[in-house]
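Visitor: Please walk me through this model. Keep it brisk.

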2 protein chains.
Amino acid sequence: MIVRHSLGEYPIEFCDLEMAVGGLPEDRVIVTDENVSTAWKRLIPVDERTIVLPPGETTKSLTWYAEVVRELARRRCSRKTTLVAIGGGVIGDLAGFCAASYMRGIKYVQIPTTLLAQVDSSVGGKVGVDLPEGKNLVGAFWPPTKVAICAEVLVTLPPRQFANGMAEVWKYGFILDADFVNRLSRKEASISEVLRHCIELKAAVVEADEFERLGIRAKLNFGHTIGHAIEKVLGYEEFLHGEAISIGMVAEAILGERLGVTAPGTTEILRDELESQGLPVEWSGLRDADGLIAAMKLDKKASSGRLAFSLLTRVGECKLIEDVPESDVRSVLSSL
Amino acid sequence: MIVRHSLGEYPIEFCDLEMAVGGLPEDRVIVTDENVSTAWKRLIPVDERTIVLPPGETTKSLTWYAEVVRELARRRCSRKTTLVAIGGGVIGDLAGFCAASYMRGIKYVQIPTTLLAQVDSSVGGKVGVDLPEGKNLVGAFWPPTKVAICAEVLVTLPPRQFANGMAEVWKYGFILDADFVNRLSRKEASISEVLRHCIELKAAVVEADEFERLGIRAKLNFGHTIGHAIEKVLGYEEFLHGEAISIGMVAEAILGERLGVTAPGTTEILRDELESQGLPVEWSGLRDADGLIAAMKLDKKASSGRLAFSLLTRVGECKLIEDVPESDVRSVLSSL
């Protein structure tokens, strides 16, 4: 599969991890975390060309960004060095931002090791780190030179992490493809098919709107306006990203029905599927609307205090609404 | 004047500072330093839309970068906010990198207040900060949305700072335009003509090779391989950038003559002009070749330990040589 972008294109290869690592260029530095490094130590060499970071969302900070770019400089990496991210979204986003900015941009390869990173963050070139003030507040659009999708890495993934990724899988179905929702619901889609199909959907969206300026890529944010706010008020603890997005999708479906944007009954279908997947669909903290709305206003999607949502119109379709009245959001949240 | 780049184009406007500041959008944050803010307090409002930083090269660090992007977040800046850099190269490069990465990129306007920044760093979209390991080691190619050149700001510039900028002015002449060297030498070019001509030359080069990949933009690095190394071994003290570049140009002209690349006698012309401008043309520390060569190898222009130089062929022409033997560099430096 090939993804085209403003400065060229890159391949997405479906292969095993051994082949992906074996095919890396000589002049490269691998960035990974302790968990991945331990789980795949047979295949990932830990030597002077590997940087192993602590696992967890707190690694996705300017502090660790500074550590990695300084380490690249100390190891005499040049403009010709390729950075290789082997890990989940935290590693991919952090290493990607290092690649985007080290010597004003070097090549990088994404080898995502979680379902979430495979179907979401590894494709599309969005890289960055969090600030204490909010998630992903600094970063770049910096396309990788290659993405390798190794389905085998999913076998070591704990069930909670798997469901975490499935939240984004369901999202693709609900916003873009009703048939896919049916296939997922009837458990007809293999993991390998799920990976390919989600990545195809994502690739088509980012090709159409690489820099998220046309209102196409922003549609992928269904569930994310409220989901990100949940993560923020909880300090990125308690819920995993996909779990917060699952709760966010249900809340935004209710909001959509209330606004008359979403077909009545859609929320029920969505809630049932996410629940069967083992994902949370409600959270008592939603009723503290003030804290959540304040968090939403700092979101990159908001501007001048207006609240923007990608809302379902019906199963398999959605629409960007950039000026949802705060009062509607408040009364929906308070009613949950 | 219009500069075209891969994602669009931007105007370079020649106007006074009052007009430049008056024409800024409402939704904007000005980044400046204490010196500029004091010198131009009548025209630059210091309010909640202005961030005033300490002056000096040490401000161009990841520490201050983090301060500024966090401040933008705290002030609720959105993707629609325009960042405005009013200052020298440090402010322009730092604010530019903040604009390149805040929310994955927002608009920014450059209002350079030194001759050096006007003729060099404000045009071309190179932004970034220094690491302890080297200068400009992280950054981006991020074109401004507008550059305003206000010649009047030069009247408050101390003579040493003026000569500092003139080093880059002479560089443009020596690498690209023998007639311009003659006009400068005969003192026929007004400041206003100098500004326009240098910016035209720079704009043409960056349009031809925006990302410094074709060996065209890299020609602008005449004097910079040795000049940057001088700055690095001195910890960016003692010499201003243009002064280090002046010494570097003379040393690289001698190197070019030795390699048979530069026409004999060119060094003498160059040295005389720079000396008349009040710029340093030699430095006893050059004879410590080891330290300088180690610094050159970490430069972005180097790769795999090879030394790259933009060398004059004759007055008004230059050539990129990417594999200069270390032994030649060493013996030239040791002989100085």
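Visitor: Is Asn164(A) buried or exposed, and at what relative accessible area?
Guide: Buried means under 20% relative accessible area, exposed over 50%, partly exposed in between (1.4 Å probe, protein chains only). Asn164(A) counts as buried because its relative accessible area is 4%.

Visitor: What ground rules apply here?
Guide: This is a predicted model: local features need pLDDT of at least 70, side-chain atom pairs count only at pLDDT 80 or more, and totals for chains, interfaces and linings use all residues. Residues are numbered from 1 along each chain as its sequence is written, chains are lettered from A and ligands numbered from 1 in the order written, and side-chain values use heavy atoms, leaving out hydrogens and water.

Visitor: Which backbone nitrogen lies 2.5 Å from a polar atom of the Asn164(A) side chain?
Guide: Contact means heavy atoms within 4.5 Å. Beyond four places in sequence, Asn164(A) is in contact with residues including Leu116(A), Leu240(A), His241(A) and Leu279(A). The backbone nitrogen in question belongs to Gly242(A).

Visitor: How far apart in sequence are the parts tied together by Arg183(A) and Glu193(A)?
Guide: A salt bridge is a side-chain nitrogen of Lys or Arg within 4 Å of a carboxyl oxygen of Asp or Glu. Arg183(A) and Glu193(A) form one, with the closest N and O atoms 2.8 Å apart. Arg183(A) lies in helix 7 (residues 178-185) and Glu193(A) in helix 8 (residues 191-208) of chain A, so the pair ties together parts separated by ten residues.

Visitor: Which helix of chain A holds Arg330(A), the partner of Asp290(A)?
Guide: Asp290(A) and Arg330(A) form a salt bridge, their closest N and O atoms 2.2 Å apart. Asp290(A) is in helix 12, so the pair ties together parts 40 residues apart in sequence, and Arg330(A) is in helix 13.

Visitor: What area is buried between chain A and chain B?
Guide: Buried area is the accessible area (1.4 Å probe) that two parts lose on being put together, summed over both. The contact takes 38 residues from chain A and 38 residues from chain B. Carbon and sulfur atoms give 61% of the buried area, which is about 3500 Å².

Visitor: How many salt bridges join chain A and chain B?
Guide: One of them pairs Glu212(B) with Arg79(A) (3.6 Å, N to O). Over all chains, the structure holds 47 salt bridges. Between chain A and chain B, the count is six.

Definitions and conventions. A polar contact is a pair of N or O atoms within 3.5 Å; within protein, one must be able to donate a hydrogen and the other to accept it, and residues adjacent in sequence count only if both atoms are side-chain atoms. Helices (H or I, at least four residues) and strands (E, at least two) are DSSP runs, numbered from the N terminus.
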